[in-house]
Amino acid sequence: MQTRTLGRTGPTVSAIGLGAMGMSDLYGPADETESVATIHAALDAGVNLIDTADFYGIGHNELLIGRALKERSREDVVISVKFGARRDPAGGFTLTGADVGAAAVKDRLAYTLRRLGTDHIDIYRPARVTPDIPVEETVGAIAEMVEAGYVRHIGLSEVGAETLRRAAATHPIGDLQIEYSLLSRGIEEAILPAARELGVGVTAYGVLSRGLLSGHWSPERELTTHDFRTISPRFQGENLEANLRLVDALRGVAATVGATVAQVAIAWVASRGDDIVPLVGARDRERLAESLGATGVTLGADDLARIEEAIPDGAASGGRYADFLLAGMDSEK
């Protein structure tokens with residue numbers, strides 16, 4: 001497994017990271033035994049970056065990862081944790097503002113450390129920022145945890161260029177976690193240049209656009225009640241039909257390079273720069289193996305041109321989130 005360094009100050013991580021959210025939340029039922037086996041398979045393959053959040057499964061995801069890492073060397077794993085989203089007992093999300101104030105940083109970190117069974121978090125980040133709490137307050141509070149040894153690096157998630165600059169002026173930022181894929185290229189205009197100017201790495205989530213670019217999605221697939229995709233515009237009606245036509249076009253390109261659709265989509269994100277680390281949300285070992293196969297895909301100039309022709313910038317039908325969610329995202333301002 002090749003490695004990449006997250007920005008000027010962040011850790012060295014595997015060229016592909018594992019996003020664990022789907023093992024606990026938002027993508028339908030998952031098998032816990034298979035989830036643990038998938039984490040172990042990722043580690044055995046050289047993946048050392050595991051991404052989670054304290055609100056994934058309302059704590060379940062951290063407990064799951066803690067269980068999976070119990071017999072593994074802690075120093076061989078880079079754990080990235082988001083915090084701040086609020087949940088209710090029915091599993092819903094509270095949309096009235098993120099819990100990212102200075103007091104919340106310490107409180108939520110304490111629970112995260114206990115659930116993961118560790119004495120430190122490698123990268124700690126607010127999942128979202130809110131206008132009511134200056135980013136300087138949040139980053140400053142995490143910086144105190146860095147000084148105390150409970151956190152090693154500070155990250156951010158879904159922030160715009162201006163907020164990223166303000167945060168970096170408060171404390172060095174290792175990486176920005178943000179959606180980036182062939183169907184979501186909004187960061188290329190201002191956010192990615194700002195990150196590079198500041199020496200901030202990018203961990204890209206949604207590289208398969210929540211399964212659309214996996215090559216396995218079918219219009220007949222039924223979604224469960226709490227599946228995020230039930231409210232995702234790209235999975236609705238004519239939008240879904242149009243997006244799957246793009247996938248079919250990409251399938252033709254994948255055939256020419258001897259790879260799957262998913263592998264080409266992941267390899268494309270990785271090709272955008274050595275400062276970008278794709279996160280794959282594999283929930284079982286079979287999908288993990290396919291995703292990791294992207295590390296063996298080399299895309300030449302002709303391949304990249306054909307990919308661009310198959311899925312031009314802005315070709316996606318529907319937003320990456322529902323409008324009511326996009327309205328509160330700093331990265332969309």
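**First stop: a ring and its partners**

Select Phe93, which counts as partly exposed because its relative accessibility is 33% (buried means under 20% relative accessible area, exposed over 50%, and partly exposed in between, with a 1.4 Å probe and protein chains only). Before going further, please note that this is a predicted model, in which local features need pLDDT of at least 70 and side-chain atom pairs count only at pLDDT 80 or more, while totals for chains, interfaces and linings use all residues. Residues are numbered from 1 along each chain as its sequence is written, and side-chain values use heavy atoms, with hydrogens and water left out.

Rings of Phe, Tyr and Trp (its six-membered ring) pair if their centres lie within 6.5 Å, and planes under 30 degrees apart count as stacked, over 60 as edge-to-face and the rest as tilted. Phe55 lies in the loop between S4 and H2 and Phe93 in strand S7 (residues 93-94), so the pair ties together parts that are 38 residues apart in sequence. Helices (H or I, at least four residues) and strands (E, at least two) are DSSP runs, numbered from the N terminus. Phe55 is buried, with a relative accessible area of 8%. If you also select Tyr56, you will have the cluster that ring pairs make of Phe55, Tyr56 and Phe93.

**Second stop: another ring pair**

Select Phe228 and Tyr321, whose ring centres are 5.5 Å apart with their planes at 75°, so this pair is edge-to-face too. Phe228 is in the loop between strand S11 (201-205) and helix H7 (237-257), and Tyr321 is in the loop between helix H10 (301-310) and H11, 93 residues apart. Both Phe228 and Tyr321 are buried.

Which residue lies over the face of Tyr321? Select Arg210, which is placed there at 4.8 Å from the ring centre. Arg210 belongs to the loop between S11 and H7, counts as buried at 10% relative accessibility, and has a positive phi near 60° although Arg210 is a residue other than glycine.

Switch to a cartoon view and follow the closed barrel of 8 strands, which runs S3-S4-S5-S8-S9-S10-S11-S12 with parallel pairing. Two strands pair if DSSP finds at least two bridges between them. Neighbouring strands of this sheet are turned by 30° against each other on average, direction ignored (axes are lines fitted to C-alpha atoms, for helices over the stretch in contact, and angles run from 0 to 180 degrees between N-to-C directions).

Select S4 and S5, which run parallel and are joined by 5 bridges; the partner of Ala53 in S5 is Lys82. In a regular strand the side chains alternate between the two faces of the sheet. On S5, Val78, Ser80 and Lys82 point one way, Ile79, Val81 and Phe83 point the other way, and all are buried.

Helix H2 (residues 60-68) lies across S4 (49-53) and S5 (78-83), at about 150° to S4. The cover over the buried residues of H2 includes helix H1 (32-44), S4, S5 and helix H3 (102-116), where contact means heavy atoms within 4.5 Å.

Next, select S8 (residues 121-126) and S9 (residues 151-157), which pair in the parallel sense over 3 bridges, with Ile121 opposite Val151 in S9.

**Last stop: the core**

Select Ile39, Tyr124, Leu156, Leu213 and Leu250, the residues with the most contacts inside the largest nonpolar core, which has 89 residues. A nonpolar core is a set of buried Ala, Val, Leu, Ile, Met, Phe, Trp, Tyr and Cys residues joined through side-chain atoms within 4.5 Å. The largest share of this core, 8 residues, comes from helix H8 (residues 261-270). Apart from it lies another core of 20 residues, among them Tyr205, Val277, Leu279 and Leu326.

Technical notes: Lys NZ or Arg CZ within 6 Å of the ring centre and 35° of its normal.
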